[in-house]
Every structure is written in structure tokens, then in C-alpha cells.
2 protein chains.
Amino acid sequence: MTETTMTIRQMCDSFGVTPRTLRFYEAKELLSPIREGQKRLFTRRDRARLKLILRGKKFGFSLEEIRQLLDLYEMEGGEDTQLARTYKIALAHLAEMEAQRAALDEAIAELKEQIDWGARELAARGIASNTSAA
Amino acid sequence: MTETTMTIRQMCDSFGVTPRTLRFYEAKELLSPIREGQKRLFTRRDRARLKLILRGKKFGFSLEEIRQLLDLYEMEGGEDTQLARTYKIALAHLAEMEAQRAALDEAIAELKEQIDWGARELAARGIASNTSAA
DNA sequence: CGTTACGTTTACGTGCGCGTCAACTTTTCT
DNA sequence: AGAAAAGTTGACGCGCACGTAAACGTAACG
């Protein structure tokens with residue numbers, strides 16, 4: 001089987017993060033690479049989680065919130081109560097994300113208006129606003 | 001004319017922030033309330049800006065980035081070069097926000113999948129997952 | 001006229017998300 | 001064998017976005 005683990009450097013290169021960041025995430029229990037002697041080896045699981053972590057960060061979630069979300073993606077055979085709790089948390093996150101989406105749409109619409117105004121203004125002043133909005 | 005200005009406390013109450021926050025934003029030149037003696041009086045302009053500030057924060061923009069965006073919403077009669085610069089910044093922000101929207105849509109879709117899985121799993125285990133997705 | 005309420009400045013403290021050494025072990029190249 | 005490369009564990013530092021406490025002004029109320 002194709003060596004499925006990666007060194008810390010390989011992880012850093014493919015995700016664009018620093019070693020410090022990966023160790024920090026491990027300390028926060030977001031990642032749990034296996035150890036070969038002293039060295040960390042990151043599994044496919046770690047990669048999947050890291051992807052989710054980085055995505056979560058883009059949406060302004062804290063690492064702690066992200067940790068809760070990560071659990072959802074791995075509730076294979078947990079306890080019933082645990083599953084139910086995680087499920088509720090997930091619903092809350094979903095609601096929050098959909099609210100964010102709505103707000104984002106509104107913000108984009110408003111910003112576009114402003115930009116259009118700016119384009120017209122620039123045109124009126126005879127300045128190139130080389131941005132042919134497809 | 002209906003007194004159009006608000007005290008710091010009125011602002012805090014209607015926006016759900018603390019006085020410290022408003023003073024902090026003023027120090028960062030995001031707000032510029034007028035002074036009546038020593039006291040701050042927030043104008044309609046300040047309220048509009050604060051609304052945009054809080055929205056920007058929800059999307060993970062830094063206060064400095066938000067300050068740049070705010071300029072866009074007030075480039076009434078600035079210099080040509082200033083207008084052009086602000087215009088470019090706005091385009092960059094728009095691109096970033098649209099990218100965020102795309103990523104957010106994807107994340108929402110995936111989270112929904114997980115939630116559906118969780119709902120089925122809970123059902124199979126005979127647990128109520130009272131959340132009839134409309 | 002005191003005190004209660006609301007506001008102010010100044011300044012140090014805090015939590016998060018890492019950055020940045022320092023000092024050290026463990027391969028790996030030549 | 002010797003040196004460079006890659007990894008490790010502390011531990012302190014830093015920028016951001018405020019929190020929080022101290023000390024003070026001022027204006028209104030009973």
C-alpha cells in the first residue's frame with residue numbers, strides 16, 4: 001500500500017502551513033498524528049481534518065468550534081447520547097452558516113452597487129476602470 | 001428635526017457592543033463621533049459605519065481591512081487617484097467575498113450530508129431527531 | 001449639598017493563534 | 001567520521017480586538 005502517511009514537512013508544503021501550526025493543532029487536539037519514535041506521521045485522517053480546519057477558519061470559526069464540528073465528521077460508532085449531542089451542535093452550526101450565507105449575499109450585493117457607482121464615476125472622470133465584469 | 005445623534009450608551013444598547021469597543025473603533029479611525037464638550041455624540045453616519053463594521057467582522061475581515069472598505073462607501077468627491085485606488089481595493093474585496101461564498105456553499109452542502117447521515121443513524125437507533133427539514 | 005448616574009482618559013491585562021528563538025536528538029548525505 | 005538536514009520539546013513574544021480597573025469630570029436628582 002502506497003505509504004499513506006506524511007511527514008510534517010510534506011504536510012506543511014501541501015497545505016501551506018508551518019510546523020508550529022500543526023503542532024499547535026495537535027496540542028489543541030484537532031489533529032492526532034501517530035508517532036514513529038519521536039517523529040510525527042500524519043495520516044489520511046489528519047489530512048481530511050486539516051482541510052476542514054482550514055476551511056472552518058476561513059468562515060471565522062474558532063479552533064474550539066471547529067473541534068466540535070470535526071467530531072461530527074467522525075461519529076461512526078459513538079454512544080447514542082454523544083451522537084445526539086453532536087447532531088444538535090451540527091444543526092446549530094448549519095443554521096449559523098446559512099445565516100452567514102444570507103448576510104454575505106447581502107453584503108456582496110451592496111458592495112457591487114458601490115463598485116458600479118465607482119465605475120460610472122471613474123468613467124465620467126475619464127479614467128480607465130479596466131474591469132469588464134464578464 | 002428628530003435629534004439624530006446618540007450617546008454612547010444608546011449606541012451600545014442598539015448595537016450590542018460595549019463602550020470600550022466604540023472608543024476602540026474611534027481610536028482606529030473607523031468611527032468619528034462629534035464632541036459635545038467632552039462627550040461623544042454618534043451621528044447617522046457613525047451608525048451606518050458601525051453596521052458595516054460589525055458585518056465585516058462576521059466575515060472575518062480585520063478592522064484594518066474594514067477601514068478600507070468603509071472608505072469605498074464614502075468616496076463622494078475624492079481625488080481621482082484616491083477613487084481609483086479605493087475602487088481596486090473594493091474589487092479585490094468583492095472577489096474575496098465571492099470566493100468565500102463559494103466555499104461556504106460547499107461547506108454547507110457537506111455539513112448537510114453529514115447531518116442527514118446523523119439523522120438516519122439516530123432513526124436507526126430509535127432516537128428522536130425532531131428536526132423536520134422543511 | 002451630597003450621591004448617583006453617565007461619561008471621560010490612561011493604562012495594564014487577557015485570550016486566541018500562532019511566530020520565533022534556543023537547545024537538543026535523530027537520520028541522511030558525502 | 002563529520003556536517004548538514006529534518007525533527008523534537010519548551011518557553012517566551014507578538015498582534016489583534018477588546019476587557020477591566022483606577023481616577024477623574026459634570027450634571028442632574030432628591
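A crossing of two helices is left-handed if the near helix is turned anticlockwise from the far one by less than a right angle, and right-handed if clockwise. In this predicted model, local features need pLDDT of at least 70 and side-chain atom pairs count only at pLDDT 80 or more, while totals for chains, interfaces and linings use all residues. Residues are numbered from 1 along each chain as its sequence is written, with chains lettered from A and ligands numbered from 1 in the order in which they are written.

**Stop 1: two helices of chain A**

Select residues 63-72 of chain A, helix H4, and residues 80-124 of chain A, helix H5. Helices (H or I, at least four residues) and strands (E, at least two) are DSSP runs, numbered from the N terminus. H4(A) passes H5(A) in a left-handed crossing. Their axes come within 9 Å and cross at roughly 120°; axes are lines fitted to C-alpha atoms, for helices over the stretch in contact, and angles run from 0 to 180 degrees between N-to-C directions. H4(A) and H5(A) are therefore oblique to each other (under 35 degrees counts as roughly parallel, over 145 as roughly antiparallel, 65 to 115 as roughly perpendicular, the rest as oblique).

Now show A:Gln68, A:Leu69, A:Asp71 and A:Leu72 in H4(A), which meet A:Thr86, A:Ile89, A:Ala90 and A:His93 in H5(A). Contact requires C-beta atoms, placed from the backbone, within 7 Å. By class, this contact has four nonpolar, three polar and one charged residues. Ala, Val, Leu, Ile, Met, Phe, Trp, Tyr, Cys and Pro count as nonpolar, Asp, Glu, Lys and Arg as charged, and the others, Gly among them, as polar.

**Stop 2: chain A against chain B**

The contact takes 34 residues from chain B and 34 residues from chain A. On the chain B side, select helix H3 (44-58) and helix H5 (80-124), the elements that give two or more residues. H5(B) gives the most, with 23 residues. That side divides into 19 nonpolar, seven polar and eight charged residues.

**Stop 3: DNA strand C**

Select the 17 residues around DNA strand C; A:Thr18, A:Leu63, B:Thr7, B:Arg9 and B:Arg40 come nearest. A residue is near a strand if its C-beta atom, placed from the backbone, lies within 6 Å of it. H2(A) supplies the largest share of this surface, three residues. The surface has four nonpolar, seven polar and six charged residues.

**Stop 4: DNA strand D**

Of the 17 residues around DNA strand D, show A:Thr7, A:Arg9, A:Arg40, B:Ser62 and B:Leu63, which come nearest. H2(B) gives the most to this surface, with three residues. By class there are four nonpolar, six polar and seven charged residues.

Terms used. Contact = placed C-beta atoms within 7 Å.
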